[in-house]
Amino acid sequence: MNDSPNPHVPDCPYVGLQPYSEAEREYFFGREQDTETIAANLLTAPLTLLYGASGVGKTSVLAAGVVPYLRAMPDVLVVLFRQWQDSTFQDVLMNDVDTTVYYSRAKLLSNRTPLPFDEFLARAAQETNRTLLIILDQFEEYFLYHPNGNPFEEQLARAINRGDVNANFILSMREDALSQLDRFETRIPNLMSNYLRLEHLDRAGAGRAIRKPLDVYNARRTDASPITIEDALVDALIEQVRTGRVTLGRAGQGEIAVMQSADTRDTRIEAPFLQMVLTRLWEEETRAGARNLRLATLNLLGGAEKIVRTHLDEVMNRLRAPEQEVCSTFFDRLVTPSGTKIAQNADDLVTYAARSAAQVTPILKKLADARVLRPIAPPLNQPQVARYEIFHDVIAPAILDWRRRFVDRKRVRRLGLITLGAVLLVVVFSLLSLFAFQQMLNAQDAEGRAIVQRNAAATSEARAVTQEASAYQQRAEAQNQANARATAEAQALVQRDAAEKSKGEALTQQKIAFSRELAGIALARLPVDPEQSLLLALHAAEISPTEQAEDALRQSLRGYALRAALRGHTASVYAGFSPDGKFIVTASLDNTARVWETSTGKSIVELRGHTGQVRSAQFSPDGKFIVTASQDGTARVWEASTGKSIAELRGHTATVRHAVFSPDGKFVVTGSNDYTARIWEASTGKNIRELRWHGSSLSGVAYSPDGKSIVTVSSGAGARIWEASTGRGISELRGHTKSINSVAFSPDGKFIVTASSDNTARVWETSTGRNIAELQGHTDVVRSATFSPDGMFVVTGSSDNTAHVWEASTGKSIMELRGHTGYVTIAAFSPDGKFIVTVSRDGTARVWEASTGRGIAELRGHTTEINSVEFSPDSKFILTGSADFTARLWEANSRDSIIVFLRRNYHDREDSWDTDEHR
């Protein structure tokens, strides 16, 4: 289904290399005339052929321009499709049409039995009495993934040719792939009679594409001073990204082409490069806290040419050498010889790399995070299969050329080693020959000396008498020489002792210097990776207990709160405690859930059976069972100790987002994207009743503490209270003007709190549905709201990067918790009411003192956004689940663990160390 508009302000008004989507339509400018022309052709002609060069922006114009333009018209239904990778693509396309029909009249097509594509479209147009506008984007990929043809071709041709099918089509494709339409030449008369060529963005359009998104961003960010852009920067950007000016040629490095004319009247712009440069400028300026996009910053970065030229190399240089080696094994599998991107299964990329999945999968994620690769949707018949393709066709030459350079360098290194080995062998043989020759000369010389000695023997004998006379004098001289040697040996021993002492002092100084260096690194890593910081500081102290090492160890220990990291999942993780706190359950987008032992962090049970992402998992009140909710449209009840599936809750027709046990554990309530909630018997999976009222997906469900009431909220602005025993609607909660993001009962069940995208939270009376307090003060979306254990207070988390504590009965703001640098997605009280924990998109959790708002600890270690957070029932531990594939268990107060750590490693010397409690 097409993207829906995003009501929130983005972090950046420019999109970089990725195409614009319908959600970013408010920030899409410069193609207004092209949008109207394409839309007019689609409305009036049965078939329009839209083509253009790679990177000209066809997908952006269609998704962010044409589709929103046509959706505003009452008598048409628009479907945009581009998923050609799988053999099931026709089923996906027909499902998109069916879903579009459903959203237009809240009713599926009457006959859903398998039909040929043209018959299916005829039925859809007839039942809706509307014109179907079918946009088949990136159509060249159809030929890439289905080179031997497909029955779809004949059905598509019939749909275009039939006069009784009220549908018009656009085929959008790259200019260099037009020849592949020959397959349709005999099937579709006048195939090329109505075509449009999309040109590169012109100078005026580029100016609007630069300035207008900034205007929209500023208009929606009324909480901050506007961000401006220098006119000189706009002119420089347009000049530097003209078509042909920057190309990704050799090795992914840009080349500046010589322009033949200075005439700017028909200047054309490389839109992907413009977006890439704008995004980089935005990152640089906002990181520095500037409120103006400046030409000086562009010049400092080396200009557009250098930004584009070094994009891929900068990404690859951040990888370690073994990771680059892995990339070189499969990069050529992601680009066809003609320079077109082609999708590959992650398992296939692992096979090409000849490494384990554990080695390759993190590298694929790094490349996706850096926008070199993009993950794409799995096939319908293999929902668990992960797939990747390159982020944009324009970087295909860079991908291939980087691999060629890497392979060339590797070949040169190998040749160099071979050459060096040969040279060493020659040198060794030469030295051996020289040694043998020298030995021969020495032997000849020795023989000559023997002859001379024999001749001298006679002379010596004659001189014996004279020598005997002088013997006494010689013996005296020998004694003198022996005495001199003894003196020299004594002096040598003294000198050796001095050298050994100097060597020891030098080694000590080396240890001190190395210890200080490690201590400095430990302090630098402390804000990023507390675990690594602690290990480095400990190693520094072991090498030499310098002042710097002790200081680094002291500081890293203060922030050491991590008890265990729960690793094993291969996708994003959500986590929660059992009622007694002895166990942990994690749900993951890898289609599984797991049970862990809290005391050891050991995985003891894996819950397998879902065929789609598992969105939530919860223990029953007695801790014996677990309920999971999944993207596969089902929920399941499991035996916690064995992982045995007890019941499968089937009946929803879309993703089940929430599944919650009743307080007595006998029932489960589920909320789904099919607009309904359902109540089930937990032990059998029997559907007891259906709660149907909302007109949009359910964003939350909750049981009251006494189990008598259920509240449901939707991604629209609606909420309703139901009688759990009968399914009867009791009251509606009216007042929010935008979608409701979370809902919770007070501990006594008398009140309900909701958090909304209208920047407010509200407190309601359960028995009447009356709004008793409106919590106003946040300047952006309120993402969560929960009561304190005594029900007197509410804590909220917001996209304005803060959390607030409120008086529940009056809505009065008590305190504001500031410190996070990203959206605060969840805020919650500890069970004893003494602490508050908040988590943020900045990848950290923070612990606050509930009575004062004082920050107590910052929990760092996750490498990306945190999805869930929960205190243990005894308030001693905090559990977080993250998109980095892990859950982490932290000590809410790490003082005790520090003392144990010091005793174990420093022989009861903890009193010599300073902690926060000692200050």
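In the predicted model, the protein contains 20 helices and 46 strands. Of its 919 residues, 49% are buried, and the accessible surface of the protein comes to about 43,800 Å², with 51% of that surface belonging to carbon and sulfur atoms. When contacts with a separation of 6 or more are considered, 55% of them are accounted for by residues 24 or more positions apart.

Strand β4, which spans residues 167–174, has eight of its eight residues buried, so β4 is largely enclosed by the rest of the structure. Two other strands pair with β4. Strand β1 (residues 47–52) is joined to β4 by six bridges, and the two strands run parallel; within this pairing, Tyr51 stands opposite Met173 of β4. Strand β3 (residues 131–136) also pairs with β4 in the parallel sense, over five bridges, and here the partner of Ile134 is Phe169 in β4.

Pro13 is located in the segment before helix α1 (32–44), and with a relative accessible area of 2% Pro13 is buried, since the cut-off for a buried residue is under 20%. Apart from its neighbours within four places in sequence, Pro13 is in contact with Tyr20, Tyr27, Pro213, Leu214, Tyr217 and Trp282. When neighbours within four places in sequence are left aside, the contacts of His200 are with Arg31, Ala53, Gly55, Val56, Thr243, Arg268, Ile269 and Glu270.

The packing of two helices was examined next. Two packed helices are described by the angle between their axes and by the distance between those axes. For helix α12 (residues 321–330) and helix α13 (residues 346–353), the axes come within 8 Å and cross at roughly 110 degrees. Angles of 65 to 115 degrees count as roughly perpendicular, and α12 and α13 are therefore roughly perpendicular to each other. The residues that meet are Val326, Thr329 and Phe330 from α12, and Leu349, Tyr352 and Ala353 from α13. Sorted by class, this contact of α12 with α13 comprises five nonpolar residues, one polar residue and no charged residues.

Another open sheet is built from four strands in the order β32-β33-β34-β35, and its pairing is antiparallel. Because β32 (740–745) and β35 (771–776) stand at the edges, each with a single partner strand, one side of each is left without a neighbour in the sheet. The twist in this sheet averages 15 degrees from one strand to the next. Strand β32 is joined by five bridges to strand β33 (residues 751–756), and the two run antiparallel; in this pairing, Ser742 has Ala755 of β33 as its bridge partner.

Finally, strand β42 (residues 845–849) and strand β43 (residues 855–859) run antiparallel and are joined by four bridges, with Trp848 having Gly855 in β43 as its bridge partner. Together, β42 and β43 form a hairpin that has five residues between the strands, and in the turn Gly853 has a positive phi of about 80 degrees.

Terms used
Residues are numbered from 1 along each chain as its sequence is written. This is a predicted model: local features need pLDDT of at least 70, side-chain atom pairs count only at pLDDT 80 or more; totals for chains, interfaces and linings use all residues. Side-chain values use heavy atoms; hydrogens and water are left out. Axes are lines fitted to C-alpha atoms, for helices over the stretch in contact, and angles run from 0 to 180 degrees between N-to-C directions. Angles under 35 degrees count as roughly parallel, over 145 as roughly antiparallel, 65 to 115 as roughly perpendicular and the rest as oblique. Contact means heavy atoms within 4.5 Å. Ala, Val, Leu, Ile, Met, Phe, Trp, Tyr, Cys and Pro count as nonpolar, Asp, Glu, Lys and Arg as charged, and the others, Gly among them, as polar. Two strands pair if DSSP finds at least two bridges between them. Buried means under 20% relative accessible area, exposed over 50%, partly exposed in between (1.4 Å probe, protein chains only). Accessible areas come from the Shrake-Rupley method with a 1.4 Å probe; for residues, only the protein chains shown count as cover.
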